[in-house]
Amino acid sequence: RNQEHFPVLVRGAGRPSLSEGEENMLGIGVLHHPQGAAATGDGAKLSTLTLLPPEPHILLPLLVRAAEAEHRAVKKAVEKEAAAATAAKSGGATAGLIQKQTGTKISIAAISRNINLDDNWRTEFRAYLFRVPPYYQAALRRCLRPVLPASVHSLLSSDGIEAIAAQCFSRLCLQKIRSGEQIAKEGNDRLERQEYELRRLGVQQPPEQLL
């Protein structure tokens with residue numbers, strides 16, 4: 001009764017389910033409806049709709065965990081560089097030479113490539129991508145690439161056009177499409193055979209008139 005924030009779900013917008021009877025709900029954002037907004041007419045209490053990436057309740061915790069892992073890695077590298085700089089100041093020329101040889105200067109790109117996100121995170125992220133409808137995939141992967149560490153960019157590799165198209169249809173619909181393609185191919189082959197026979201017999205009549 002005292003709730004002000006509500007998830008916004010679109011029925012039928014999710015990936016088609018393999019089980020029957022499900023409504024394929026897809027979360028797309030949050031609706032904020034302050035208490036008493038409609039009754040008071042106060043402009044400061046207008047309802048607001050915030051659109052988010054698909055299934056934000058799954059994606060956002062994954063992004064937070066990835067950001068925390070990246071923060072820990074950068075913090076560790078900063079501390080290592082600070083310790084090396086302190087050693088160089090206190091140790092003279094020898095320590096400075098060691099620092100130069102070890103190359104302790106921070107490289108964010110190198111850190112990003114070496115961030116370790118465990119198998120549990122990767123499994124949950126793959127499961128999330130599977131839930132996202134095909135028409136979201138390309139834009140979502142493009143937006144996530146600069147956000148996630150480079151060590152997991154392989155999970156964002158794009159599927160082929162045929163694979164994405166196949167995901168847009170149910171299995172029954174896909175079978176009907178393949179069946180129609182096969183029938184069309186057989187019809188074209190039959191016309192080519194008829195045309196060949198007509199040419200061989202020297203008849204100039206178009207093959208369409210013989211069907």
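## A tour from the surface to the core

Start by selecting arginine 199: with a relative accessible area of 64%, this residue is exposed. For these labels, over 50% relative accessible area is exposed, under 20% is buried, and anything in between is partly exposed, using a 1.4 Å probe and protein chains only.

A quick word on what is loaded. The model is predicted, so to speak of a local feature takes a pLDDT of at least 70 and side-chain atom pairs count only at pLDDT 80 or more, while totals for chains, interfaces and linings use all residues. Numbering runs from 1 along each chain as its sequence is written, and side-chain values use heavy atoms, leaving out hydrogens and water.

**Stop 1: helix H7**

(A salt bridge here is a side-chain nitrogen of Lys or Arg within 4 Å of a carboxyl oxygen of Asp or Glu.) Both residues sit in helix H7, four residues apart, which means about one helical turn separates them. Glutamate 195 is partly exposed, at 32% relative accessibility.

Now select lysine 185 and aspartate 189. Here is another salt bridge, with the closest N and O atoms 3.3 Å apart. These two are also four residues apart in H7 (residues 171-201), about one helical turn. Lysine 185 is partly exposed at 46%, and aspartate 189 is partly exposed at 25%. By this rule, the count of salt bridges comes to five.

**Stop 2: a bridge between helices**

Which residue forms a salt bridge with glutamate 124? Select arginine 65: the closest N and O atoms of the pair are 2.8 Å apart. This pair links distant parts of the chain, with glutamate 124 in helix H4 and arginine 65 in helix H2, 59 residues apart. Glutamate 124 is partly exposed at 30%, and arginine 65 is partly exposed at 29%.

**Stop 3: zoom out**

Switch to cartoon view. The protein chain has seven helices and three strands, and along the sequence the pattern reads β-β-α-β-α-α-α-α-α-α. Helices (H or I, at least four residues) and strands (E, at least two) are DSSP runs, numbered from the N terminus. Of the 211 residues, 23% count as buried. The chain exposes about 15000 Å², and carbon and sulfur atoms supply 57% of that; the area comes from the Shrake-Rupley method with a 1.4 Å probe.

**Stop 4**

Select tryptophan 121, phenylalanine 125 and tyrosine 128, which form one aromatic cluster. Rings of Phe, Tyr and Trp (its six-membered ring) pair if their centres lie within 6.5 Å; planes under 30 degrees apart count as stacked, over 60 as edge-to-face and the rest as tilted. The count comes to two aromatic pairs. In the pair of tryptophan 121 and phenylalanine 125, the centres are 5.0 Å apart and the planes at 10°, so the pair is stacked. They are four residues apart in H4 (residues 119-131), about one helical turn. Tryptophan 121 is buried, at 1%, and phenylalanine 125 is buried, at 0%. The rings of phenylalanine 125 and tyrosine 128 have centres 6.4 Å apart and planes at 35°, so this pair is tilted. Tyrosine 128 is buried as well, at 0% relative accessibility.

**Stop 5: the nonpolar core**

Next, show what phenylalanine 125 touches: Leu59, Leu62, Leu144, Leu148, Leu155 and Leu156, not counting residues up to four places away in sequence. Contact means heavy atoms within 4.5 Å. In the largest nonpolar core, which has 20 residues, Trp121, Phe125, Leu144 and Leu148 touch the most other members. H2 (56-102), H4 and H5 are the elements that give two or more residues to this core, and H2 gives the most, with six. A nonpolar core is a set of buried Ala, Val, Leu, Ile, Met, Phe, Trp, Tyr and Cys residues joined through side-chain atoms within 4.5 Å.

**Stop 6**

Go to arginine 141 in helix H5 (residues 134-144). Buried or exposed, at 9% relative accessibility? Arginine 141 counts as buried.

Finish at glutamate 55, in the loop between strand E3 (48-51) and H2. Glutamate 55 counts as buried at 3%, and its phi is near 50°, a positive value in a residue other than glycine. Most residues other than glycine have a negative phi.
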